[in-house]
Amino acid sequence: MNWVFWGASGLIAYTYLGYAGWLWLRSRCRPHPVRLGSATPFVSIVMIVRNEAAVLPGKMRNLMGLNYPQNLSEIVVVSDGSTDSTNEILSRFAEDKRVRVILNSQLRGKAVGLNDAVQAARGEIVVFTDARQKIESDAVRLLVENFSDPYVGCASGELMLGEPHSGEAVKGIGLYWRIEKKIRELESASASMVGATGALYAVRSNLLVELPPETILDDVYIPLHVVRQGARVVFDDRARAWDLPDLGPAREFARKVRTLTGNYQLLQLAPWLLSSGNPLRFEFVSHKLLRLVVPFALAAALVSSLQAGEPIYRAAFVIQLAFYGLSMLAMVQLRKGVLARMADAAFTFVILNTAALVAFANFVTGRKAVWIR
């Protein structure tokens, strides 16, 4: 039991602290900065929507007002079996010559819609975005600057959880997301990111691959194939998109389950990710796969510390119970303060690992998700 406890504790510590520390050291010893330039290639901005009538007009105005030459850009939107007024809204915007619309009458899935959009796109650079997030006016121009470096094949923007006028959220999912972005920044600083930010990322069109129809994580599948072809995937925190920091507990939990389920699915869609043919195999395992194992390591650490007899293990057991008890305090809406922040962080940690367990159940039962925004 002693070995079980220390092994599980070591895995947890490496996943959340050790890997980030190693990335920090690598970025200092072997930096690989991007050579930015001011070129303005033809850009295709693609977006797949389903029943987005509530946010679509604002998003289309946002895209059409971006600070990028109008004669060097187009917007390609695919409606995937929408049943609200999405198609009517898109038809109105399609009167602008920059906007091209594909209306699929039946639900086919986001991955199929992306394939349709990419096939229709004419740009040298293809920019991917989603309907809900607002893109800052200079974001696409700044993102494209990365492609002046011939080694860059994919550039990811930064998703900010909050409001532009008040800044980014620092609690709950917002805190987790800030930590996640720091890891991506460190990965990019000396090599490549494992994936990209789905709300805003760009890829050289000649490096794009067709997505399997059931793909959940296009923003991981595509970038990893870019790396496989010898190009870099980099992070640019100047190019920003904004999203709401809290869409409600149920919706946030469902999104996290979908993401983690997608990590399991990647192993089925691309078995080469665990082979020497993946230049980011170590990073992929450390960043994506170990997080799927952490819930089982947490359970092993708790049970082994209970069954081991020495005082140090009894103390570890009590600390773990206190941590889980602290997470429950977040449910009683504590006022602002140190205890409230600690409780919120603990609760987020527990929820994320619970989502990983649900994702594992989805994986073993074969349950799939086509659309969860």
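Leaving aside its neighbours within four places in sequence, which residues is Ser156 in contact with? Before I answer, a word on what we are looking at: this is a predicted model, in which local features need pLDDT of at least 70 and side-chain atom pairs count only at pLDDT 80 or more, while totals for chains, interfaces and linings use all residues. Residues are numbered from 1 along each chain as its sequence is written, and side-chain values use heavy atoms, with hydrogens and water left out.

Ser156 lies in strand S6, residues 152-163, where strands (E, at least two residues) and helices (H or I, at least four) are DSSP runs numbered from the N terminus. Its contacts, meaning heavy atoms within 4.5 Å, are Leu143, Met193, Ala196, Thr197, Leu200, Tyr201, Val234, Phe235 and Asp236. Ser156 is buried, with a relative accessible area of 0%; buried means under 20%, exposed over 50% and partly exposed in between, using a 1.4 Å probe and protein chains only.

Turning to the nonpolar cores, each is a set of buried Ala, Val, Leu, Ile, Met, Phe, Trp, Tyr and Cys residues joined through side-chain atoms within 4.5 Å. The largest has 45 residues, and Phe128, Val203, Ile222, Leu224 and Val226 have the most contacts inside it. Helix H7, residues 218-228, gives the most to this core, with six residues. Apart from it lies another core of 38 residues, including Ile125, Ile135, Val152 and Ala155.

Finally, Tyr264, in helix H8 (residues 249-269), is buried at a relative accessible area of 9%.
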